[in-house]
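Q: Could we go through this model together? I would like to begin with the surface and then turn to the side-chain pairs.

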Amino acid sequence: SDLNSLSSWTAGNFITKQIQQDFPRGLAKHKDKILAFGDRSVEVFYNAGNPSGSPLSGIKLQATNIGIAGRLRNVGGKYSATVLGKLYFFGRAGGGIDSEGVFSYDGANFIKVSPPFIDKYILNLGDGPVDINAFSFYGKNALAVSIPSTPSRWLMYFPDWNDWFVWDSTIFTPKNFSIKLRYSRQL
């Protein structure tokens, strides 16, 4: 939109992808940057304060060939979440279905955090949206990946440990927002 307006949209006040043309699939915010995801690429933009047109400028050195995972294109899953200052998202390297997985962005670098067995597990989850959420449990921050075919089962990634777990719960089910659990045990 125009500067300081939510309702006025001047034709010149927009920015297109700078590095590689791609089908737009989503946006994510990480601190002071905006990531523009396509099928096969992601570009990073920052507020450069340009006096005309869009105030955004691209960071060409951070553009990469990681797009939004193909299974999320039409099903509406929540594809990103921020945990411990890093943005995590479902992506695919080079646009291939065999390269789908969970990636992180720390403000400068993209890193794939899911090993091949987790990638296969996510790829074979079946139809339906797969959501990725920030999660906190007993003071430990994690990334929660919902499993649509089994609502009581989540894949959990703990960045502090760089490890994945399958969590089964008959009490909690994944939601489309961050959850902080408080739990007490009676003796």
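A: The accessible surface of the protein comes to about 10900 Å², and carbon and sulfur atoms hold 54% of that area. Such areas come from the Shrake-Rupley method with a 1.4 Å probe, and for residues only the protein chains shown count as cover. This is a predicted model, in which local features need pLDDT of at least 70 and side-chain atom pairs count only at pLDDT 80 or more, while totals for chains, interfaces and linings use all residues. Residues are numbered from 1 along each chain as its sequence is written, and side-chain values use heavy atoms, with hydrogens and water left out.

Q: How much of the protein is made up of buried residues?
A: Buried residues account for 42% of the 187 residues. Buried means under 20% relative accessible area, exposed over 50%, and partly exposed in between (1.4 Å probe, protein chains only).

Q: And how many helices and strands are there?
A: The protein has one helix and 14 strands. These are DSSP runs numbered from the N terminus, helices being H or I with at least four residues and strands E with at least two.

Q: Changing topic, how many salt bridges are found?
A: A search of the whole structure finds five, a salt bridge being a side-chain nitrogen of Lys or Arg within 4 Å of a carboxyl oxygen of Asp or Glu. One of them joins Asp168 and Arg153, with the closest N and O atoms 2.7 Å apart.

Q: Why does that one tie together separate parts of the sequence?
A: Because Asp168 lies in strand β13 (residues 163-168) and Arg153 in strand β12 (residues 153-158), the pair connects parts 15 residues apart in sequence. Asp168 is partly exposed at 46% relative accessibility, and Arg153 is partly exposed at 28%.

Q: Which residues are joined into a network by shared partners?
A: Arg25, Asp39 and Arg92 form one such network. Within it, the side chains of Asp39 and Arg25 meet at 2.8 Å, N to O. Asp39 is buried at 6%, whereas Arg25 is partly exposed at 34%.

Q: What about aromatic pairs, how many are there?
A: The structure holds 13. Rings of Phe, Tyr and Trp (its six-membered ring) pair if their centres lie within 6.5 Å; planes under 30 degrees apart count as stacked, over 60 as edge-to-face and the rest as tilted. Phe89 and Phe103 are stacked, at 5.8 Å centre to centre and 20° between the planes.
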